[in-house]
Structure formats: structure tokens, C-alpha cells
Amino acid sequence: MRYAMAVDSKKCVGCSDCVVACQTENNVPIGYARDWVREINHGIYPELHTELRSERCNHCDNAPCVRSCPTGASHYAEGGIVKVAEEKCIGCSACIISCPYDARYIHQKGYVDKCTFCDHRVKDGEDPACVAVCPTKCLYFGDLDDPNSEMSTLLRVRKYKTLIPEAGTDPQLYILV
């Protein structure tokens, strides 16, 4: 099993419902976020195109955060989900510095926090909170090892990109274009 998420940049309207759902589901402290909406403008006026997309931890197959963690707090969990074991984390920020996606922060309690693909929901057969609440249904989640899953099908039939491919992280967050 190898979990991944896709964001359809043609459907995202930048409403930030995904951000609020994540903060609520995961008790994220005020002022912090495990996911966010980014607005990128392409082109030159008057030929401009705006791309909106929900971003978060990319749950990389080759995660520098896991390699750089001196205590093993950053680790791979079931399905390739990259997690942080709060009790092992010393808050040294090595993983924050090594992450090219700026997807981690130091929680007020002193440990590093980040998106977990709501693995507690996934274990119960539910979608991550962000996927479940998206009003435009622009977020997709599933198992890439299942060739019949919606995720696998989407990546076969749709054009997509990953963020910062030159970092060599093999991210599992795909932007459908």
C-alpha cells in the first residue's frame, strides 16, 4: 500500500475549507497550519493565469526529513505516510530545515508537527478531513499500489506535476493540471 494525494488545480477555488477542516480535525493551534492554499500567477499581463492549489507535506518516498532526524521521530508509517513521533521529537528543527516544501512547524508543546494524511481517519476507511470537506471535490486520496484505485486511474489519464521534482524526494502529492 502506498498512499498519495492529488490536487486538481483546475477545480480548486481557494476557499481554504481544507485548511479549516484539518485544523479542526487535528486540533492544530491557532496561527499554525498543516496545509494551506497557494496562489501562483503565470504569464505576463494581460495574459495571466492563476493556479490555486492546496498544499501540505508531500509524504515523500525519499524524505530528507526522515533521513535528517537524529532521534528517529520522523519516520515512515503504514502506506508510506511520513509521521513524527511526538515522544521521540526533541524539537531540533533538522527536519524542518531539510524539508523543501516548508511543510513542518514546531508545535507549542515543543515537537514538530505536520500533515499525517489524517491516518487516524484512513485506518477507519475514511478520507482525510481535507478531502472529505472539499466543496469542489478537487482533492483525491488513495492507494497507488492498487491499479484500480481512483488515484492510480487519475495519474494514468490526467496530466500532472509534482512540486520541486529536482529535489529528488519522490513526492506523493500530485498537482493535476
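A residue counts as buried when its relative accessible area is under 20%. Keep that cut-off in mind as we look around this predicted model. Take Ser-152: its relative accessibility is 8%, so Ser-152 counts as buried.

Where does Ser-152 sit? You'll find Ser-152 in helix H6, which covers residues 150–157. Leaving out residues up to four places away in sequence, Ser-152 touches Asp-143, Leu-144, Asp-146 and Pro-147.

Now go to strand E1, residues 3–8. How many of the six residues of E1 are buried? Six of the six are, so E1 is largely enclosed by the rest of the structure. Looking at which way the residues point, Tyr-3, Met-5 and Val-7 go one way from E1, while Ala-4, Ala-6 and Asp-8 go the other way. Both groups are buried.

E1 has strand partners, too. With strand E8 (residues 139–143), E1 runs antiparallel, and five bridges join the two. Val-7 is the residue that stands opposite Leu-139 in E8. With strand E10 (residues 173–176), E1 runs parallel, this time joined by four bridges.

## Cysteines without partners

Next, the cysteines. A disulfide is a covalent bond between the sulfur atoms of two cysteines. How many disulfides does a search of the whole structure find? The count is zero.

Cys-92 shows why in its own case: the closest cysteine sulfur, in Cys-69, is 6.2 Å from the sulfur of Cys-92, which is too far for a bond. To count as a disulfide, the two sulfur atoms would have to be within 2.5 Å. Cys-115 is in no disulfide either, with the nearest cysteine sulfur, that of Cys-57, 5.9 Å away. Are these two cysteines buried or exposed? Cys-92 is partly exposed, with a relative accessible area of 42%, whereas Cys-115, at 8% relative accessibility, counts as buried.

## Ala-94 and a contact along the chain

Ala-94 belongs to helix H3, residues 94–98. With a relative accessible area of 23%, Ala-94 is partly exposed. Which residues does Ala-94 touch, if we skip those up to four places away in sequence? The answer is Ser-68 and Pro-70. Pro-70 is 24 residues apart from Ala-94 along the chain, yet their C-alpha atoms are separated by 8.0 Å.

## The largest pocket

Time for some empty space. Rolling a probe the size of a water molecule over the atoms shows where empty space is left. In this model, the largest pocket has a volume of about 230 Å³. Its lining is made up of 17 residues, and those nearest the pocket's centre are Arg-34, Val-84, Glu-86, Asp-113 and Thr-116.

Which elements give two or more residues to that lining? Strand E5 (82–84), strand E7 (112–113) and helix H4 (119–122) do. Sorted by class, the lining of the largest pocket has six nonpolar, five polar and six charged residues.

Most residues other than glycine have a negative phi, and most peptide bonds are trans.

Start with Pro-46, in the loop between strand E2 (35–44) and strand E3 (47–56). The peptide bond from Tyr-45 to Pro-46 is cis, with omega near 10 degrees.

Then there are two residues with a positive phi. Ser-16 is not a glycine, but its phi is about 70 degrees. Ser-16 lies in the loop between E1 and helix H1 (17–25), and at 27% relative accessibility Ser-16 counts as partly exposed. Asn-27, not a glycine either, has a positive phi of about 50 degrees. Asn-27 is found in the loop between H1 and E2, and at 62% relative accessibility Asn-27 counts as exposed.

Note on methods: Residues numbered from 1 in each chain as written. Predicted model: local features only at pLDDT ≥ 70, side-chain atom pairs only at ≥ 80, totals over all residues. Heavy atoms only, no water. Buried < 20%, exposed > 50% of the residue type's maximum accessible area, 1.4 Å probe, protein only. Contact = heavy atoms within 4.5 Å. Pairing = 2+ DSSP bridges. 1 Å grid on protein atoms, 1.4 Å probe; cavity = no way out; pocket = protein on both sides within 12 Å on 5 of 7 lines; lining within 4 Å. Points joined across faces, edges and corners; volume = space filled by probe spheres on them. Nonpolar A, V, L, I, M, F, W, Y, C, P; charged D, E, K, R; others polar.
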